[in-house]
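Thanks for asking me to look this one over. Here are my notes, as numbered points you can read beside the model.

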Amino acid sequence: MHLEFRHLRTIKAIHDAGGLARAAGILHITQSALSHQVKGLEDQAGVELFVRRSKPLRLSAAGMKLLRLAERILPEIDAVEQEFDALRKGRAGRLHIAIECHACFDWLFPVLEQFRRAWPEIDIDIRPGLAFNALPALAREEVDLVISSDPEKIEGIVFNPLFDYSPTFIAASNSPLAAKPYVVAEDFADQTLITYPVDRSRSDVFTQLLTPARVEPKAHRKVELTTVILMLVASGRGVSVLPDWVLREVKYQPDYITRPVTEKGLTKRLNAATREEDATEPYMAHFLRLARTEPVKLQRA
């Protein structure tokens, strides 16, 4: 028996309408075409699907089996069609994010909250387990966007610039370095440097300051959470260099001092890496707009 979705729609329409004429109107076909379709279906099944002498027309026991099948399957088919239609129109999709920047959660969550309200059908997720292998995961389509300050040349991947930020030195208010207007590489030689647990090749203070100057801190401690880094700094257990948006509030607290790194200060650019074909999707373009504007508001605040 060769059963098609249109056969299930026919069975349900006739049952709901109670007759061929009204069902033909629901299905937008002629009554003659509908009768021909029903006869062909009955010939395939080898049984009658309707009790024809009844008014209104009703299904036989065999027809009721097909109706139950239609009531299970057709809603799922309709849901898939609606999902595909939303995908074609750019209303639905997937936004799974990997982050190479530990401090980015400070601005990312407010951005995602705004994005969620505008695009409720987009499947949003953050994949922390891929932070150290983010760009290869993007190329393999395991994630859809990577937040990174270290662009690479990868075929099929584009780095969309978001905003510039300043890596900023922070220490306890009673630190001897509080007397300086800015810090330089040599100032770290007798300090315990506290950083996020990332490779030195992806740490701003190393790539932009210490490694070029060939300066090694007295000790290097890696800490996962920003709040813990700040707590250790306040208690004089080390110093750190963090993005300026992280320090927007604590720099005014009496427990801390903040200083530029070098006389001119450091500047880095944060990017959102996407697959080339995804960058122009309406929902992706909206996310990128939010990710460019909302963090800047935090910096200015």
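**Notes on the model**

1. Let's start with the rings: a search of the whole structure finds eight aromatic pairs. One of them is Phe-115 with Trp-119, a stacked pair with 6.5 Å centre to centre and 25° between the planes. Rings of Phe, Tyr and Trp (its six-membered ring) count as a pair if their centres lie within 6.5 Å, and the planes make it stacked under 30 degrees, edge-to-face over 60 and tilted for the rest. Phe-115 is buried at a relative accessible area of 0%, and Trp-119 is buried at 16%; buried means under 20% relative accessible area, exposed over 50% and partly exposed in between, with a 1.4 Å probe and protein chains only. Elsewhere, Trp-107, Phe-163, Tyr-165 and Trp-245 form one aromatic cluster.

2. A word on what you are looking at: this is a predicted model, in which local features need pLDDT of at least 70 and side-chain atom pairs count only at pLDDT 80 or more, while totals for chains, interfaces and linings use all residues. Residues are numbered from 1 along each chain as its sequence is written, and side-chain values use heavy atoms, with hydrogens and water left out.

3. Next, the open sheet: its five strands run in the order S9-S8-S10-S7-S11, with mixed pairing. Strands (E, at least two residues) and helices (H or I, at least four) are DSSP runs numbered from the N terminus, and two strands pair if DSSP finds at least two bridges between them. Strand S9 (219-222) and strand S11 (256-260) are the edges; each has a single partner strand, so one side of each is left without a neighbour in the sheet. From one strand to the next, the twist averages 30°. Helix H7 (residues 204-213) packs on this sheet, touching S7, S8, S9 and S10, and its direction makes about 145° with that of S8. Such angles run from 0 to 180 degrees between N-to-C directions, with axes fitted to C-alpha atoms, for helices over the stretch in contact.

4. Which residue of S9 is the bridge partner of Leu-193? That is His-220, and S8 and S9 pair in the parallel sense over four bridges. Thr-195 also sits in S8 (residues 192-195) and is buried, at 7% relative accessible area. Beyond its neighbours within four places in sequence, Thr-195 has contacts (heavy atoms within 4.5 Å) that include Ser-203, Phe-206, His-220 and Ile-229.

5. Now the loop between strand S3 (93-99) and helix H5 (105-118), where Cys-104 is placed. Cys-104 is buried, at 0% relative accessibility. Leaving aside neighbours within four places in sequence, Cys-104 is in contact with Ile-99, Ile-147, Trp-245 and Leu-270.

6. Ile-147 leads on to strand S12, where this residue stands opposite Ala-272. Three bridges join S5 to S12, and the two run antiparallel.
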